[in-house]
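Subject: Structure handover

Hello,

Here is the structure we discussed. Please open it alongside these notes.

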Amino acid sequence: MAEVRYVQATRVYAKDAPPAVDALDLDIKDGEFMVLVGPSGSGKTTALRMLAGLEPLDGGRIEIGEKDVTWVQPKDRDIAMVFQNYALYPSKTVAENMGFALKMQHVPKDERTRRVLQAAKLLDLDEKLLDRKPKALSGGQRQRVAMGRAIVREPRVFLMDEPLSNLDAKLRVQTRSQIAELQRRLGITTVYVTHDQVEAMTMGHRVAVLSGGKLQQCDTPRQLYDNPVNQFVAGFIGSPAMNLQTAPLTDGGARLAGTVIPLPTAVRTAASQAGLRELVIGIRPEHLHLADGTGEIKGEVMLVEELGADALLHVRLAESGNQVVARTEGRKPPAPGQDVTFRVQPDDIFAFDPATGARIGS
Amino acid sequence: MSASAVPARTRMPGPQRFREMSNTVGWGVVAWVLGIAFFLPVLWMVITAFKPESAAETWPPRFTFSPTLAEFRLVFSGWGPYVTHSAIATIGSTILVLLLGVPAAYALAVHPVKRWRDGLFFFISTKMLPIVAAIGPLYVIALKAHLLDSIWLLIILYTAMNLPLAIWMIRSFMLEVPGEMLEAARLDGAGRFREITEVIMPVVSPGLVSTALICVIFAWNELFLALNLTVTNAATMPMYLISSVPQEGLYIAHLSAAATVASVPVIIVGWIAQRSLVRGLSMGAIK
């Protein structure tokens with residue numbers, strides 16, 4: 001059990017290139033499930049590997065349990081890692097794979113067997129599989145062996161590098177909840193890397209969004225969704241993504257699709273103080289409410305994606321011709337080619353600085 | 001229209017099918033002709049080994065003769081010391097090559113040392129000089145070290161001869177070991193020694209077998225060094241073959257019998273290692 005701290009942690013791969021991880025500050029609480037999420041090249045995996053000790057630091061430090069581990073060997077950090085491709089030893093049986101770390105720590109054989117069996121039970125791993133080689137297992141079983149190898153060690157911190165990316169969609173959803181539930185039961189601090197924002201939102205107690213090696217925002221999934229600090233987080237979190245449209249400022253609001261969208265006073269004051277002439281307006285798909293011809297935002301339906309419970313409308317806006325996505329009820333959605341109008345609550349509108357991407361007036 | 005289209009889909013039209021078939025047959029014939037061309041001299045050697053000396057050297061060659069084991073008896077009566085020397089030099093040098101080659105390849109592949117490219121080039125550059133150019137100095141060194149006509153000399157030289165190739169081969173096999181697996185081993189607390197013995201070796205073992213086999217073949221068949229640096233105390237099988245050629249008289253049948261016997265060990269080793277060999281030589285081709 002331990003908390004983890006990144007303090008100005010920096011990693012530079014090549015001298016002239018921008019840092020892969022740039023002065024990362026992150027506090028992870030004891031027993032917390034922290035998800036690092038971001039697009040590829042955002043530095044999330046590098047950040048995890050720095051914590052594992054597989055990647056040296058070029059600046060700053062990393063602490064585990066209030067102890068500086070920046071220059072501590074991986075094996076002495078008391079951590080366990082689940083790799084993307086599982087990295088099981090092909091010549092060893094499942095039981096030997098899971099017990100290898102204990103063998104290296106000279107744990108007696110009886111104790112090793114006991115802990116391997118315990119972990120197998122915890123993961124619903126059939127005891128018959130323990131004598132098999134990884135080659136004879138299915139993808140899902142291999143994934144669980146990789147998890148088992150981490151659990152057997154009873155480490156202070158779990159590190160997981162996209163452990164679900166090699167599973168098929170159905171198994172991924174199933175395993176997702178199993179891992180979250182297991183983490184809750186064991187109460188071990190976990191750092192989990194993924195590029196999938198749905199995984200991040202459903203599993204993490206808190207989610208750290210990274211982009212270009214920099215931490216954008218670290219908060220609970222709810223807060224990230226409701227209060228993104230900048231345009232990147234707003235666009236990255238949520239599926240389908242938030243509609244982001246550049247709109248010129250007018251008296252009392254912003255001009256979009258042939259109408260003026262009223263903006264809260266706080267946004268207007270902040271925008272005029274910053275001397276902005278236009279804003280990036282963000283509206284989540286579910287906040288575009290269909291309004292039977294009485295709404296202000298006008299457009300034409302281009303495509304309808306039926307999801308069952310609801311439907312996604314791809315709409316071309318009047319005037320600008322930009323596309324937005326709206327989520328509506330699944331029954332009787334408008335047909336492609338039909339003209340529609342939408343209404344938006346002023347509170348549901350996000351505004352961002354077009355130059356810096358920072359949130360305005362929050 | 002549709003009626004005529006159906007059979008065209010299910011069965012290939014005549015000329016096209018003929019072309020396809022003749023193609024397959026054509027390549028088959030080429031493969032057989034080449035295979036037989038390679039095998040024929042070997043077959044001729046084995047057949048000749050069973051002939052009496054008088055029947056071996058006739059022109060045109062005779063295919064009817066009464067087979068005899070006389071020449072084999074003659075070979076087995078004199079091969080004792082030669083085959084022992086060959087076995088010791090071959091096995092000894094191959095073990096040494098693996099013992100030295102594995103750590104060397106590890107240092108060049110898994111955790112590359114500084115200037116590993118130069119190291120790699122140095123190893124292969126030792127094979128660029130023809131061995132004839134070095135035989136003089138080698139003779140003098142062996143003489144001063146009192147190693148002339150000693151089996152130790154052959155073990156050392158065969159190790160030096162095979163090591164560069166072995167390092168290159170083992171290195172390429174080690175590059176196939178997934179990086180994640182080595183990182184997992186580091187996190188699991190395996191040191192350098194455990195990393196090699198418990199994680200890398202099991203993965204590259206088919207490659208090690210094929211490397212060992214190639215070293216065995218090269219060392220077993222080596223003649224030049226043995227001929228120039230040994231006389232009796234360390235004379236090997238290839239030297240025995242040469243010694244079967246007398247100054248005068250008939251010798252083809254005897255030489256064939258000796259050559260047949262000399263090639264048997266390599267064939268047996270190759271046959272045993274066949275499965276590993278195919279896996280080893282095709283490593284990296286499939287994931």
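Start at A:V191. Setting aside neighbours within four places in sequence, A:V191 is in contact with A:V4, A:I28, A:M34, A:L36, A:L48, A:L51, A:V157 and A:L159. Bear in mind that this is a predicted model.

Core
The largest nonpolar core holds 158 residues. A:V191 is among the members that touch the most others, along with A:L36, A:L159, A:A208, A:I281 and B:I170. Which helix gives the most to this core? Helix α8 of chain B does, residues 151–174, with 13 residues. As background, nonpolar side chains in soluble globular proteins tend to be buried together.

Sheet
Chain A has an open sheet of four strands. The order is β2-β1-β4-β5, and the pairing is antiparallel. β2 (21–28) and β5 (67–68) of chain A are at the edges; each has a single partner strand, so one side of each is left without a neighbour in the sheet. Strand β4 of chain A, residues 59–64, pairs with β5(A) over two bridges, in the antiparallel sense. One pairing to look at: A:I64 has A:K67 in β5(A) as its bridge partner.

Chain contact
The contact takes 16 residues from chain A and 14 residues from chain B. On the chain B side, α9 (179–187) and α10 (192–221) each supply at least two residues. The largest share comes from α9(B), with six residues. By class, the side of chain B that touches chain A has eight nonpolar, five charged and one polar residue.

Best wishes

Key:
Residues numbered from 1 in each chain as written. Chains lettered and ligands numbered in written order. Predicted model: local features only at pLDDT ≥ 70, side-chain atom pairs only at ≥ 80, totals over all residues. Core = buried A, V, L, I, M, F, W, Y, C linked by C-beta atoms within 7 Å. Buried ≥ 20, exposed ≤ 12 C-beta atoms within 10 Å, placed from the backbone. Contact = placed C-beta atoms within 7 Å. Pairing = 2+ DSSP bridges. Nonpolar A, V, L, I, M, F, W, Y, C, P; charged D, E, K, R; others polar.
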